Amino acid sequence: MDFYEDHQSEIGHYFRGLYHIVKLIDQSDVDNKRLYSNLVRAQLSSFELTLLFYNGLSELGEEKFKPLVERYALLKNLPKSLLINPEHAGFYLRSAYV
């Protein structure tokens, strides 16, 4: 949360927009939602995935965004070496990575 508060003006709108795109996919009537979520994930750099990882664990994303991250495997390409502690990977269900 300290990082977010220090950089809210740069990243707040980014995560809100990303959340709403994934939520739109989730609530849509399309047959292959994973195809569209894969397109979203393909746009994310390793560093953006790392920020997404911690955003989903924060009070800002834990309730609504984290379940979507897990449902659509948005962390599939996350390099665990970028995490503060690689053991943090266990804070998400395995489905977030496959």
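These legends describe close-up views of a predicted model.

**View 1. Helices α1 and α2 pack against each other.**
Helix α1 covers residues 2–27. Helix α2 covers residues 33–42. The two pack at an angle of about 165°. Their axes lie 9 Å apart. Angles over 145 degrees count as roughly antiparallel. α1 and α2 are therefore roughly antiparallel to each other. The crossing of α1 past α2 is right-handed.

**View 2. Side by side, the residues that join α1 to α2.**
From α1 come L18, I21, V22, I25, D26 and Q27. From α2 come K33, Y36, S37 and V40. Sorted by class, the residues of this contact are 6 nonpolar, 2 polar and 2 charged.

**View 3. Helix α1 also meets α3.**
Helix α3 spans residues 46–57. The axes of α1 and α3 come within 12 Å. They cross at roughly 100°. That makes α1 roughly perpendicular to α3, because angles of 65 to 115 degrees count that way. On the α1 side, look for F3, Y14, F15 and L18. On the α3 side, look for E48, L51, L52 and N55. This contact has 6 nonpolar, 1 polar and 1 charged residues. L18 of α1 also takes part in the contact with α2.

**View 4. F3 sits in helix α1.**
Is F3 buried, partly exposed or exposed? Its relative accessibility is 45%, so F3 counts as partly exposed. Setting aside residues up to four places away in sequence, F3 touches I11 and L51. F3 is also among the α1 residues that meet α3. Now find E48, which is 45 residues from F3 along the chain. The C-alpha atoms of F3 and E48 are separated by 14 Å.

**View 5. The largest nonpolar core holds 24 residues.**
Which of its residues touch the most other members? They are L52, F65, V69, L75 and Y97.

**View 6. L75 and its contacts.**
L75 is one of the core residues that touch the most other members. What does L75 contact beyond its neighbours within four places in sequence? The list is L49, L52, F53, V69, Y92, A96 and Y97. L52, V69 and Y97 are named with L75 among the core residues touching the most other members.

**View 7. K66 lies in helix α4.**
Helix α4 runs over residues 65–71. The relative accessibility of K66 is 15%. Buried means under 20%, so K66 counts as buried. Leaving out residues up to four places away in sequence, K66 touches G56, L57, G61, F91 and Y92. Y92 is also in contact with L75.

**View 8. A73 has a positive phi.**
A73 belongs to the segment after α4. Its phi is about 50°, although A73 is not a glycine. Is A73 buried or exposed? At 0% relative accessibility, A73 counts as buried.

**View 9. H88 is found in the segment after α4.**
H88 has 19% relative accessibility and so counts as buried. The cut-off for buried is under 20%. Apart from neighbours within four places in sequence, H88 is in contact with F53, Y54 and L83. H88 and F53 are 35 residues apart along the chain. Their C-alpha atoms are separated by 9.4 Å. F53 is in contact with L75 too.

**View 10. E63 occupies the loop between α3 and α4.**
Is E63 buried or exposed? With 68% relative accessibility, E63 counts as exposed. R94 is 31 residues from E63 along the chain. The C-alpha atoms of E63 and R94 are separated by 17 Å.

Notes: Residues numbered from 1 in each chain as written. Predicted model: local features only at pLDDT ≥ 70, side-chain atom pairs only at ≥ 80, totals over all residues. Heavy atoms only, no water. Helix = DSSP H or I, 4+ residues; strand = E, 2+ residues; numbered from the N terminus. Buried < 20%, exposed > 50% of the residue type's maximum accessible area, 1.4 Å probe, protein only. Contact = heavy atoms within 4.5 Å. Core = buried A, V, L, I, M, F, W, Y, C linked by side-chain atoms within 4.5 Å. Axes fitted to C-alpha atoms, helices over the stretch in contact; angles between N-to-C directions. Parallel < 35°, antiparallel > 145°, perpendicular 65-115°, else oblique. Left-handed = near helix turned anticlockwise from the far one by under 90°. Nonpolar A, V, L, I, M, F, W, Y, C, P; charged D, E, K, R; others polar.
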